[in-house]
Amino acid sequence: KTIKHAFPMFLKSDKVLTKLSFLQIALYTTIITSFLLLVFAFIKSAILLSILFIAIITIPIYYEVAYEDYINSFISSNIRASSISVGNFIISFFIGISFYLFALFSEKLGHFNTFVIFFMVCFTSFFCTLLTIKRLK
């Protein structure tokens with residue numbers, strides 16, 4: 001079902017990419033997803049939780065498309081596949097670690113506190129990345 005919801009996002013992402021830069025898309029998707037994680041902690045309705053869950057997993061599609069476009073534009077073709085593979089490995093590694101930590105923190109601290117902690121971690125890590133990217137330019 002998620003793929004059915006994600007497909008229109010891929011189609012619309014091309015229009016968004018022409019209007020916004022890679023950094024802007026990264027900023028907006030991270031801020032929106034982080035705040036949705038925070039809102040997720042306060043909602044008790046199963047229907048609203050389902051809608052928020054779908055939003056949380058589909059909004060980063062814009063970032064993924066922008067990332068692929070950025071890689072294709074600025075990295076030479078002889079190392080592009082390796083760069084994408086390493087990037088995807090790092091992302092998969094952190095997703096696996098976050099699932100483990102989420103389960104551990106949920107058990108020890110409760111769901112609400114865990115969502116708040118994950119919100120703060122997402123937000124902080126984004127701003128550290130943003131500062132690093134600006135410094136590299």
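A: One thing before we start: helices here are DSSP runs of H or I, at least four residues long, numbered from the N terminus. Also, this is a predicted model.

Q: Which residues are buried in α5?
A: Ile 84, Gly 87 and Ser 106.

Q: Switching topic: which residues make up the largest nonpolar core?
A: There are 10 in all: Leu 17, Phe 22, Ile 25, Ile 61, Tyr 62, Val 65, Ala 66, Tyr 67, Ile 71 and Ile 84.

Q: What is Leu 17 in contact with?
A: Leaving aside neighbours within four places in sequence, Leu 17 contacts Ile 25, Val 65 and Ala 66.

Q: What other core lies apart from it?
A: One of 8 residues, and among them are Leu 36, Leu 37, Ile 56 and Phe 115.

Q: Okay, α3 and α4 now. At what angle do they pack?
A: About 10°, with their axes 5 Å apart. Angles under 35 degrees count as roughly parallel, so α3 is roughly parallel to α4.

Q: Which residues make the contact?
A: From α3 you have Ala 55, Ile 56, Ile 57 and Thr 58, and from α4 Pro 60, Ile 61 and Tyr 62. They divide into 6 nonpolar, 1 polar and no charged.

Q: Which residues of α3 are buried?
A: Leu 52, Ile 56 and Thr 58.

Q: How far apart are the end C-alpha atoms of α3?
A: They are 18 Å apart, and its 13 residues should span 18 Å at 1.5 Å a residue, so the two agree.

Q: Last one: is Thr 33 buried or exposed?
A: Thr 33, found in helix α2, has a relative accessible area of 14%, so it is buried. Not counting residues up to four places away in sequence, Thr 33 touches Ile 56, Ile 59 and Pro 60.

Technical notes
Residues numbered from 1 in each chain as written. Predicted model: local features only at pLDDT ≥ 70, side-chain atom pairs only at ≥ 80, totals over all residues. Heavy atoms only, no water. Axes fitted to C-alpha atoms, helices over the stretch in contact; angles between N-to-C directions. Helix = DSSP H or I, 4+ residues; strand = E, 2+ residues; numbered from the N terminus. Parallel < 35°, antiparallel > 145°, perpendicular 65-115°, else oblique. Contact = heavy atoms within 4.5 Å. Nonpolar A, V, L, I, M, F, W, Y, C, P; charged D, E, K, R; others polar. Core = buried A, V, L, I, M, F, W, Y, C linked by side-chain atoms within 4.5 Å. Buried < 20%, exposed > 50% of the residue type's maximum accessible area, 1.4 Å probe, protein only. Expected span 1.5 Å × (residues − 1).
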